[in-house]
Amino acid sequence: MNLENLPKIDEVLSSLYSRLKLQRKVEYIPLNQAANRVLAEDMLSKNTLPVVRSSKLDGVAVNFSDFQENYPERKIWEKDIDYCLADTGDDFNPKFDTVIPIENITFLKDGNIKLSPDFILNKYSGVNKSGSHLKSQELLIKKDTLLNFFHLNLMASGGYNALPVYEKPIVTYIPTGNELIYPSISPSRGENIESNGIMVRNLIEQWGARLITYPICKDIRANLNSILDEALFFSDIVLINGGSSKGSEDFNTKIIEDKSSFFQHRVKVAPGFPIGIGIIDNKPVINLPGPPIATFAAMHWCVKNLINYYLKVNNPLKNIAYGELATDLKTPEKIDLYLLLRIDILQNKLVVRPFSNKERHAEKMHLCNAITRVPAGSNLRKGDSIKFEWI
Ligand SMILES: Nc1nc2c(c(=O)[nH]1)N[C@H]1C(S)=C(S)[C@@H](COP(=O)(O)OP(=O)(O)OC[C@H]3O[C@@H](n4cnc5c(N)ncnc54)[C@H](O)[C@@H]3O)O[C@H]1N2
Ligand code: MOO
């Protein structure tokens, strides 16, 4: 096989985006369920805060004019006539215009007051004006923002109890293979545990989509064919796992290709290079290669980006960092590599250790805390800076 002629990840993604005509649906959901959802409209504040004014601090509200002529001669200060207490954020008697921090004022036994010697009083100091926090009709958050806890706080202040967000795309996962059994069964000779489904569920939910999982499907061509048709009825993206390569039971490539208006078999990145990507009825159908790390790599570069495209999430810096390579790193001439990494902190530096084929599967899966993609033909040296993504 000529790996050189395979398209690169970015080329395949661009081909997909340019062909998919998406119609995103919008739903209203309660504010308390809106974290990690994507806002579908620009949101303007319904409220002005403070409505009229509030105290900036815990203090004593006074009339500034009293401090120009009569002070300090004035003898008796009467509560609610000459001053009132004003707490941080609270409104106070409209008679007063200025707030003195409580720690800068002393009430004397003779009824007079004394200000701290270094305290200078200015008119309106200690007072938040109307709208100093938020103004009605002010832009709170732009559409297409992935909502976090600050955003929810802001939306609540702006008067919202429900928000318009893009509906989560429905991703359907179909595990295929005669050898697969459920984890509740002890494997007999020739059987393997269906372990990718649980990983796929976790990733899909993390990335903001809804997952529907099919039972394990046998490698029976007619069945696989009709299951795909069925899944396309209710899915936005269909994932078929296994049967992507050249085995006698690998039917999925052909099944997808036959129905697709666009189809790409194999991409210039390993593991997972036999991935199949089609568009059927304007929906992406992805044939994820079966081995778990190949499934993960294909999920990460292809499915995650498709979900982001659906949801208009553009977050290129999320979980990205740079560290120092702990070893030399050479990649094959013809194919980009997805690498599982272990990152440690040593002497205030992030040290990046790629796993190799020498480590056992369990060791890699256990200790991997980051991933990276290294272009074909790279020749990096120990100590070189390398970009990675925390998982
Ligand atoms: N002659 C060749 N053989 C293979 C090639 C090739 O180019 N020529 N490519 C290899 C590469 S690279 C990959 S990657 C795999 C792709 O495998 P398939 O997608 O066809 O998957 P299967 O053959 O069905 O299974 C492979 C392996 O993965 C296990 N598997 C499958 N599904 C699951 C699941 N849901 N959970 C856990 N494990 C799963 C399956 O039991 C097999 O062990 O092909 C190479 N072969
Ligand atoms: O592409 Mo495959 O086995 O190298 O994952």
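Two strands pair if DSSP finds at least two bridges between them. Strands (E, at least two residues) and helices (H or I, at least four) are DSSP runs, numbered from the N terminus. This is a predicted model, in which local features need pLDDT of at least 70 and side-chain atom pairs count only at pLDDT 80 or more, while totals for chains, interfaces and linings use all residues. Residues are numbered from 1 along each chain as its sequence is written, chains are lettered from A and ligands numbered from 1 in the order in which they are written, and side-chain values use heavy atoms, with hydrogens and water left out.

**Figure 1. Strand β24 (residues 349-354) and its partners β21 and β23**. Strands β21 and β24 run parallel and are joined by two bridges. Across this pair, Leu-325 stands opposite Val-352 in β24. Strand β23 (residues 336-346) pairs with β24 in the antiparallel sense, over six bridges. Here Ile-345 faces Leu-350 of β24 as its opposite residue. The pair β23 and β24 makes a hairpin with two residues between the strands. Gln-347, in the turn, has a positive phi of about 45°.

**Figure 2. Strand β27 (residues 385-390) and its antiparallel partners β21 and β25**. Strand β21 (residues 320-325) is joined to β27 by five bridges, and the two run antiparallel. Glu-324 stands opposite Ser-385 in β27. Two bridges link strand β25 (residues 370-374) to β27, again in antiparallel sense. The bridge partner of Ala-370 in β27 is Trp-390.

**Figure 3. The open six-stranded sheet and helix α6**. Strands of a sheet pair through backbone hydrogen bonds, either parallel or antiparallel. In this sheet the order is β15-β12-β16-β20-β19-β17, and the pairing is mixed. The edges are β15 (210-213) and β17 (262-265), each pairing on one side only. From one strand to the next, the twist averages 20°. Axes are lines fitted to C-alpha atoms, for helices over the stretch in contact, and angles run from 0 to 180 degrees between N-to-C directions. Strands β16 (residues 237-241) and β20 (residues 283-288) run parallel, with four bridges. Val-238 stands opposite Val-285 in β20. Helix α6 (residues 292-311) lies across β12 (170-175), β16, β19 (276-280) and β20. Contact here means heavy atoms within 4.5 Å. The helix runs at about 170° to β20.

**Figure 4. The surroundings of ligand 1**. A residue counts as near a molecule or strand if one of its heavy atoms lies within 4 Å of it. Ligand 1 is surrounded by 20 residues. The closest are Glu-179, Asn-192, Glu-194, Ser-244 and Gly-290. A polar contact is a pair of N or O atoms within 3.5 Å; within protein, one must be able to donate a hydrogen and the other to accept it, and residues adjacent in sequence count only if both atoms are side-chain atoms. Asn-192 places a side-chain N or O atom 2.9 Å from an oxygen atom of ligand 1. A backbone N or O atom of Ser-195 is 3.1 Å from a nitrogen atom of the ligand. For a backbone N or O atom of Asn-196, the distance to a nitrogen atom of ligand 1 is 3.2 Å.

Figure 5. A polar backbone atom of Gly-272 is 2.5 Å from an oxygen atom of ligand 2. A backbone N or O atom of Phe-273 is 3.0 Å from an oxygen atom of the ligand. Pro-271 sits in the loop between β18 (269-270) and β19.

**Figure 6. The three-stranded sheet β5-β4-β6**. This sheet is open, with antiparallel pairing. β5 (83-86) and β6 (98-101) are the edge strands, each pairing on one side only. Neighbouring strands are turned by 35° against each other on average, direction ignored. Strand β4 (residues 59-62) pairs with β5 over four bridges. Val-62 has Tyr-83 as its bridge partner in β5.

**Figure 7. Backbone details at Pro-50 and Tyr-124**. Most residues other than glycine have a negative phi, and most peptide bonds are trans. The bond joining Leu-49 and Pro-50 is cis, with omega about -10°. Pro-50 lies in the loop between β2 (43-44) and β3 (53-55). Tyr-124 has a positive phi near 70°. Tyr-124 belongs to the loop between β8 (113-115) and β9 (127-129).
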